[in-house]
2 protein chains.
Amino acid sequence: MKDILTVMAQRKSVRHFQPEEVPNELLDTALHAAMAAPSAKNQQVWEFIVLRDRALLDALAAQLPYAKMLAQASVAVAVCGDTSKNSGEAALNWVADCAAAAENFLLAIEALGLGAVWTAAFPYADRTGAVCRTLNLPAHIVPLCVIPVGYPAKDEPVKDKWRPEKIHYNQW
Amino acid sequence: MKDILTVMAQRKSVRHFQPEEVPNELLDTALHAAMAAPSAKNQQVWEFIVLRDRALLDALAAQLPYAKMLAQASVAVAVCGDTSKNSGEAALNWVADCAAAAENFLLAIEALGLGAVWTAAFPYADRTGAVCRTLNLPAHIVPLCVIPVGYPAKDEPVKDKWRPEKIHYNQW
């Protein structure tokens, strides 16, 4: 298996998939990685919906403008936050927790020779509403993103996003 | 170098550091990893403040209740979001972007044999205010977290956070 720096450098959004199904054990490996992420107060407020039902995948594809590839994916994972664990100023803690878990998931998917793409639900009310209704989420569970997963259909380009001007020293 | 799944499983919060300084090239390697994260609309709205100035590190340690270890760290990185790139519903996109970048940074730090801990600034107004003032951030730059970095002073325990009950199938 590739070392982590190589995997992070090579990870890219994969939007075209082969029809071959993703084995459950590979998906579980990536979900293990997701749950290894750090979280505020170690509350681990993430929840994961694994979607293999064709009708549900197609229903989300029809409603999410940037997730049309769900119609070609045999599986997807919705990364959701449990908003019941925090309130007041801390209410938004779930966003960073779930984002860190989603990034771990994407890195594991890349490392396993699979491909995936983060399609945003939050912070868009129409998209989170569509996911909540389609997946029957209770009111305290909010989807951050829906991630289609599959074997890449082609080589996808890797972006070099190194921009040293984004590094500041000591003060702005 | 260890494979990525091992690094993700072994990554832990490190809050006690040896006095030895972290070389710039290792920090740049971790910042490379941070910038390889995915971001909404590929806007890469992250900005990184590398803190080596002792007075600034101590000033943050004095103001941030869960970042007292900054007083022992020789370097820290504040991961910040540029909020000028999005508005309306998309205004909060920076949080997930910066969280994914912060997680890549933490994983690279672990892979390099260093240690670090995510200490939250956002969503707490007093903490983000303290960081903004101390680091002289312009009004459109908001800190997500401040990450002290160093060589671990001791073996820190690794948590097993695998909880299969957090996985749901097709619908809640």
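I started at B:Pro123, which sits in the loop between strand S4 (119-120) and helix H5 (125-134) of chain B. The model is a predicted one. I then turned to chain A, where a cis peptide bond joins A:Phe122 and A:Pro123, with omega about 5 degrees. A:Pro123 lies in the loop between S4 and H5 of chain A. I note for reference that most peptide bonds are trans.

**Backbone angles**

A:Asn136 has phi near 60 degrees, and I place A:Asn136 in the loop between H5 and S5 of chain A.

B:Asn170 belongs to the segment after strand S6 (167-169) of chain B. With 14 C-beta neighbours inside 10 Å, B:Asn170 is partly exposed. Most residues other than glycine have a negative phi.

**Relation of the two chains**

I superposed chain A on chain B: a rotation of 180 degrees with 0.0 Å of shift along its axis does it, at an RMSD of 0.0 Å. The two copies are therefore related as by a two-fold rotation axis. The same surface serves both copies, since 100% of the contact residues of chain A recur in chain B.

**The contact between chains**

I recorded 64 residues from chain A and 64 residues from chain B in the contact. Which elements of chain A each supply at least two residues to the side that touches chain B? I list helix H1 (4-10), helix H2 (24-35), strand S1 (46-51), helix H4 (93-111), helix H5 (125-135), strand S5 (141-150) and strand S6 (167-169). H4(A) gives the largest share of that side, 11 residues. By class, the side of chain A that touches chain B holds 43 nonpolar, 10 polar and 11 charged residues.

S6(A) pairs with strand S1 (residues 46-51) of chain B in the parallel sense, over three bridges. A:Ile167 stands opposite B:Phe48 in S1(B), and A:His168 has B:Ile49 as its bridge partner in S1(B).

**S1 of chain B**

I stayed with S1(B), which is mostly covered: five of its six residues are buried. S1(B) also pairs within its own chain, with strand S2 (residues 75-82) of chain B, in the antiparallel sense over six bridges. In that pairing B:Phe48 stands opposite B:Val79 in S2(B).

**S5 of chain A**

I looked next at burial in S5(A) and found 10 of its 10 residues buried. Which strands pair with S5(A)?

- Strand S2 (residues 75-82) of chain A runs antiparallel to S5(A), joined to S5(A) by eight bridges; A:Gly81 stands opposite A:Val142.
- Strand S3 (residues 115-116) of chain A pairs with S5(A) in the antiparallel sense over two bridges; A:Ala116 stands opposite A:Val149.
- Strand S4 (residues 119-120) of chain A pairs with S5(A) in the antiparallel sense over two bridges; the bridge partner of A:Ala120 is A:Cys145.

**Helix packing in chain B**

I took helix H2 (residues 24-35) of chain B against helix H4 (residues 93-111) of chain B: the two pack at an angle of about 145 degrees, with their axes 7 Å apart. The crossing of H2(B) and H4(B) is right-handed. From H2(B) the contact uses B:Thr29, B:Ala30, B:Leu31, B:Ala33, B:Ala34 and B:Met35. From H4(B) it uses B:Ala101, B:Asn104, B:Phe105, B:Leu107, B:Ala108 and B:Ile109. I sorted the residues of this contact into 10 nonpolar, two polar and no charged.

**B:Leu92**

Last, I checked B:Leu92, in the loop between S2 and H4 of chain B. B:Leu92 is partly exposed, because 18 other C-beta atoms lie within 10 Å, where burial needs 20 or more. B:Leu92 and B:Lys2 are 90 residues apart in sequence and 34 Å apart in space, C-alpha to C-alpha.

Conventions. Residues numbered from 1 in each chain as written. Chains lettered and ligands numbered in written order. Predicted model: local features only at pLDDT ≥ 70, side-chain atom pairs only at ≥ 80, totals over all residues. Axes fitted to C-alpha atoms, helices over the stretch in contact; angles between N-to-C directions. Helix = DSSP H or I, 4+ residues; strand = E, 2+ residues; numbered from the N terminus. Left-handed = near helix turned anticlockwise from the far one by under 90°. Contact = placed C-beta atoms within 7 Å. Nonpolar A, V, L, I, M, F, W, Y, C, P; charged D, E, K, R; others polar. Pairing = 2+ DSSP bridges. Buried ≥ 20, exposed ≤ 12 C-beta atoms within 10 Å, placed from the backbone. Least-squares fit on C-alpha atoms with pLDDT ≥ 70 in both.
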